[in-house]
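The following report describes selected features of a single model.

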Amino acid sequence: MSQRDGADKPLKWWQLSLMGVACTIGTGYFLGTGVGIRIGGPGILLAFLLAAFSTFVVFDLLARMTADDPLDGSFCAYANKAFGRWAEFSSGWVYWSSELLIMGSQMAALSLFTRLWFPNVPLWIFASVYAFLGICIIAIGTKGFERMEHVFAVMKLAAIILFILIAALALFGVFGTGKHKPGWPVPLFPHGLKGGWSSMIYAFYSFGGIEVMGLLAIRLKEPKEAPKAGRVMISVLTALYLVSLTLALSLAPWSTIDHKESAFVSSLEGYGIAFVPHLFNAVFIIAGFSTMIASLFAVTKIMVTLAKDGNAPKLFAKVGKGKRSMPYFAFGLTIVMLAGSILMALLMPDSVYEYITTAAAQMLLYNWIFTLMTAGKLLRLSMWGQIKRWIGVGIIVLAVTGTLFHHTSRPGFFISIGFLALIGGLTLLMRKRWKSPSLQPASK
């Protein structure tokens, strides 16, 4: 977040992969998956495969653009290069909006996890505590933030691997018999294909975070290793996601998984290992908190970038004097937005997570589609490359439209459309003002 960010020590490809893990594994997987299971049943596994394929295509093309021409601003800069300033403005604000919604989603999920131990405490109180802690960490500076995220990434991977080991032991009877008799096969789509279609958005949300990898890819010692970093990260995550989710569905019938509790905690209940749910609940809180502060960082940083390029009030590009050069105005706006998220948790304690999660995932996917369109114009793709790109677009469109067919996800769809309409209207207004020389962005 400092003006010295570009002078930081270059990243190695595995460090970028680790940052990708930190920014990706969060409550979208640990809690949002339960909502997806409730809507689509075991068919959520197929949704994860489709989401993994699309995620790979999006990041691979973004990484190839980075390797060919490393630009600060990643997908926003490439949108400008491909289509003009209106595209950079739209892409940047859509991303800022999506990260803003993710902050609210993560705080709501963190509050739900914490309520396992304090069931009578209102969600907004937990959200306020986590928001305060997140603000303190971001205020420390970029270097401390990155170090903490590396530690969090290792903890998240360890948590999923630990769950796989414990769940496998439980499945083979080491801990006795649980409340339910494990077993496959089960109906893949108990609510029909429409239910599976509607659950796709929650699988995609579990992969949200690759955009931060794109923003950090310019700091690679070898930018051409960006595709490698993405391939390793996405492949490892996909394998761990599918194995752990399959085990969770094997330990407990999908219909018994509480959507307000992690599917992984629910699946281990009744096996006589009382400490495990509490252990994993603590890990899930750490995972969600890690993703929340990543969103805090991204929201503040993208606001500074937008302001520097003349796509937001220049006030937000100003930084204070001192070693960390904190962008106080942009950071202050982030704090105000956090307060709005807490107010939303206060007003909608039972539905806020599902609504915000869907809207946040939608906003991310709109940017993914734009990235795929940008890559089609900037990269010379083979026939197979073009086919993969359009298949990726098609799957993402399926995930977006699927939210219309379930009452849980439908409000989030309209929230995202509201954001999109607002940004589109602002883009049309700004195109007239950009003709003024005084409003041209500073040269990079």
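Trp124, Ile125, Val129, Phe132 and Leu133 make a nonpolar surface patch of about 460 Å². Such patches consist of residues with over 30% relative accessible area and no salt bridge, where nonpolar side chains (Val, Leu, Ile, Met, Phe, Trp, Tyr) are joined within 5 Å and like charges within 9 Å. Areas follow the Shrake-Rupley method with a 1.4 Å probe, and for residues only the protein chains shown count as cover. Ile125 belongs to helix α7 (residues 123–140) and is partly exposed, at a relative accessible area of 33%. Here buried means under 20% relative accessible area, exposed means over 50%, and partly exposed lies in between (1.4 Å probe, protein chains only). Helices (H or I, at least four residues) and strands (E, at least two) are DSSP runs numbered from the N terminus.

The model is predicted: local features need pLDDT of at least 70, side-chain atom pairs count only at pLDDT 80 or more, and totals for chains, interfaces and linings use all residues. Residues are numbered from 1 along each chain as its sequence is written, and side-chain values use heavy atoms, with hydrogens and water left out.

Overall, the chain has 17 helices and zero strands. Of its 444 residues, 58% count as buried. The chain exposes about 18,100 Å², of which carbon and sulfur atoms supply 70%. Among contacts (heavy atoms within 4.5 Å) between residues at least 6 apart in sequence, 83% join residues at least 24 apart.

| Pair | Sequence separation | C-alpha to C-alpha distance |
|---|---|---|
| Ala153 and Ile25 | 128 residues | 8.0 Å |
| Glu99 and Ala298 | 199 residues | 7.1 Å |
| Met107 and Ala131 | 24 residues | 7.4 Å |

Ala153, in helix α8 (residues 142–171), is buried with a relative accessible area of 0%. Beyond residues up to four places away in sequence, Ala153 touches Leu18, Val21 and Ala22.

Helix α6 (residues 85–114) contains Glu99, and Met107 is also placed in α6. Glu99 counts as buried at 5% relative accessibility. Leaving aside neighbours within four places in sequence, Glu99 is in contact with Glu211, Ser295, Ala298, Val299 and Leu364. Met107 is buried as well, at 1% relative accessibility. With residues up to four places away not counted, Met107 touches Ala127, Ala131, Met292, Leu338, Ser341 and Ile342.

How do helices α4 and α11 cross? The axes of α4 (residues 44–68) and α11 (residues 226–251) come within 9 Å and cross at roughly 170 degrees. Axes are lines fitted to C-alpha atoms, for helices over the stretch in contact, and angles run from 0 to 180 degrees between N-to-C directions. The two helices are therefore roughly antiparallel, a term for angles over 145 degrees. Their contact involves residues including Phe48, Phe56 and Phe59 of α4 and Ile234, Tyr241 and Leu245 of α11.

A search of the whole structure finds one salt bridge, defined as a side-chain nitrogen of Lys or Arg within 4 Å of a carboxyl oxygen of Asp or Glu. In this pair, the side chains of Lys81 and Asp69 meet at 2.8 Å, N to O. Lys81 lies in helix α5 (residues 75–83) and Asp69 in the loop between α4 and α5, so the pair ties together parts 12 residues apart in sequence. Both are partly exposed: Lys81 has a relative accessible area of 47%, and Asp69 one of 25%.

Terms used: Angles under 35 degrees count as roughly parallel, over 145 as roughly antiparallel, 65 to 115 as roughly perpendicular and the rest as oblique.
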